[in-house]
Every structure is written in C-alpha cells, then in structure tokens.
Amino acid sequence: MNTFIIIFMAVCFLPVLPILYFTLRNERKPKNNLILSTTLPKEAWEDERVLAITKRFSKELGIACLFLLLLYIPAFFIPYLSIHLTYILVWLIAAIIVPYIPYCKNVQRMRALKKENWYHPELKTVQVADTGVSFDVENDYTFISFLLPLIVSLIPLLYPLVVPSDLSPAPLFIVCGCNAASILMFYICHKYLFRYKSDRINADNDLSANLTRVRKYYWGKFWLLSAWFCGIFSFSALLLHRLEILFLILVGVLTVALFVTVLIIEFKIRHIQQNLNQTQPSEILMDEDDYWPYGAFYYNKNDDSSLVNNRIGMGTTMNMAKPLGKWMMVFTLLILLAMPAIGIWMIPEEFSEVRIEMTSTELIATHGSSSYEIALEDIYTVALLDTLPKCSRNWGTAMESLLKGDFSVSGIDPHCKLCVNTNAEVFLLIRTNDGKYYLFGAEDTEEMEGIYEKVTR
C-alpha cells in the first residue's frame, strides 16, 4: 500500500487519541465546582485525598492512551488498504471507549470520597431553574456572517464553466457540496447548540449569565472560523484530478487544525470560567451528580430538556431519561460499532480477481459484483498494451492493486471505463463504435493474449 496513504490515515485518525487524552485529563481541574464530574466545595479542591485520586486518574489515563498508541503501530505494517482500514476503524472504537474506563472508575472513587466527607443530601432537593436571563453576546453571529463563507465555498463550481474540460465535475460538486452543507451545520450549531441549558453552579443569575456568555462567545468564534475553513477548503477540490496527493495533504492539515482549535478554545473557556468561580462563596448551591452516572451520561426524569451541556469537554449530550435520548444513544452505538463494516466491505473488493472472458457474442470483464460487457460487433479497435497508462480517477475504486470505474487515462480518453488489476503484465484497450474506451487487465497474461488474438482475427 502507498506509504502516503498510511501516513494520511494516521494523520486523520491518531489525533483522536490526544484530543481525548487532554480533554479527559483536564477534568482533574475545578470547573463550575466540578472535579472529575463530582461537585466539591472549594475546601476540598486541595485536599490530599482528592489530589491522590486525580493523580491516580492521570496515571491510569496515560497508561490507557499509551497502550492505544502502541496498538496503532501494527497498522503501519499492513500492506492492504481494506485490512488496514478495518484495523484502524476497530482501533478507533477502542480509542473512543478505553480512555473512559479510568475516567469512570475514578469518578466513582471521587464520589465515594465526597459521600464520606462533603455530602449535602439537602442539596439534592434544591432545584435552580433557568429564569430567562438574557445570555446575548456581542458576536452572536447572524446567518449573514455565515453567508459569505457559504458563497466562497460554492465559487469553485464555476470552474467547469470558465475552463471547459472533459473531466467529470462530480468530485468537485461532492467536495463543494459537503463544505457548503458543513457551513450550514456550523451555523445551526452556533445558533442552537449551547442554548438548551445555561452554565449554572448556583442561584446567582449574574454568574450563570457570565459563565454562559463565555462559552457562547468563544464557541461562536469557533463555528465561524470553521465555516471559513470549509469555504476556503472548497478550492482544494480543483486539485482532485491532477494533484490528489496535495488534496489529501490539505485534508489532513485541515483536520489537525480543527482538532487543535477545539482543544485551545475549550481550555480557554475553562480557564476563564474557573477564574469567575474563584470569586464565589465556598458553599455549593447545586449538586446534580446523581443525574450524571459515571460522570459521562445525563439521566434526569425531572428535566424536560432533551439536550444539555456536556460535563466533559465541549458540546451537548442527550438526556437519557427521555425517549429521544435513548434512541439517539442506541443510534450512536450502532453507528460506532458499524464503522469497521466499511473496511470489511472493501476486503472482497481488494482481493477478488479481475476476470476477462469472451463468449461467442461478448467480451466480459468482471470483478466482484461489477461487470463490463461489450458486444463483439460493437468493438471498433483493440490494442494490447504492455504498460498501464497514467490514470486519474473520476469516479470508482482506486486501490494499490485495483482500478475500477470511470477514469481519465492520459493520452487516450478523459472518461475511460476501467476494470484493471494493476499487477497485470498486459492490458486490453478497447474502443467501441460509439467512441467509448475500455481498459481491462487481469493477471493471467496467457489468457489476456489469447483473448486479444481471438478479437483481432
């Protein structure tokens, strides 16, 4: 498998690990009176027993992430794309789940310590509801703010009109369409994602408003910045036909840049919110720990909200006590567990043989469920090539050993149908009476030469 693809995969998937590591590790620090998703008074923040649990958590989390990092290493030595991708997707599931094991274990330890020393059962009955306080911020961007990057993302679609080409515009439309859809999603996230429940630690409405403003202010910047990333990134689609490697590099750079931006913004928010909390009295006026099993899930029958701010990292989470929350959790788990199916589906694609056969009326090339049939009477010319021409994919499958679908073939045709095992020694180039080109290649050289002789008789 191409070394660049291996590195590209690593750039796309490995950042998940440090993001989870630093996000979870940051839970050791006080945030809205929480340490490891456990509500604690200020006098407990520097308690030796609390610090011992946070230190133990850091160690266990580091060991888990180091184990996952070592577990990724075999992927660099898997030579087949389908198996490589299957391995990475299974690894990704582990990378998402395993770091939460030490987190949940130490949340339980922290809550047990809290129950022995700083438990206030009367706080369970305290309900501090949102009171309609205005949480507007200066850069609460309107749709107009997102409209300009949306327009920029669609400008590359004019390229086929300005520079006529026989190349398929489908990849350009897909990339630009995905970026435009992402920009619309970012606007929706900015407008609605953090408005379901305010950041609240007590009955002080001014503090709650300030905590929520901080979150909305910085995440508003993030969504707009992400929209501009996508708008500018649409222009990279112009590289797809000629410089695919550079396009993949840009995808990797954008992915890493967004991951790093997420971490920087979330840590900035926490730092400012923690400074705001420092000015508050030591008593705790809200304790919702019982509604957060293991610190990672929200389950509150008394809360009508289906979405609430997540206690871990950024974003929102579902209220598991509501039917929508339960269905969304099931759906998310199914999607997560189904991810390796993509790689598993690709295995027969990569390892099935390309077969070329000729009947009394047709020349047929097959690979898996794909079939290319040409009536012998429709063949205008046929040539036997001893080298594979340079091919650029318009649409289809492009693996180390397989090219299948619609390709631009240098010096021959911009829309040639391919069904080729790249390890073949000879290739059949066929032109039909209606001007269409086909390029077939199978590993059995004698069979290929025999078919060529039969067709040219």
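This is a predicted model: local features need pLDDT of at least 70, side-chain atom pairs count only at pLDDT 80 or more; totals for chains, interfaces and linings use all residues.
Arg109 is in contact (heavy atoms within 4.5 Å) with Ile53, Arg56 and Glu60, leaving aside neighbours within four places in sequence. Arg109 sits in helix 5, residues 100-117. Helices (H or I, at least four residues) and strands (E, at least two) are DSSP runs, numbered from the N terminus.

Residues are numbered from 1 along each chain as its sequence is written, and side-chain values use heavy atoms, without hydrogens and water.

Two residues stand out for their phi. Most residues other than glycine have a negative phi. Ser37, not a glycine, has a positive phi of about 55 degrees. Tyr294, also other than glycine, has a positive phi near 60 degrees.

Ser37 lies in the loop between strand 1 (34-35) and strand 2 (38-39). Tyr294 lies in the loop between helix 10 (244-277) and strand 3 (307-309).

How exposed is each residue? Buried means under 20% relative accessible area, exposed over 50%, partly exposed in between (1.4 Å probe, protein chains only).

| Residue | Relative accessible area and class |
|---|---|
| Arg109 | 24%, partly exposed |
| Ser37 | 2%, buried |
| Tyr294 | 43%, partly exposed |

Now the whole protein. Its secondary structure comes to 13 helices and 13 strands. Of its 457 residues, 47% count as buried.
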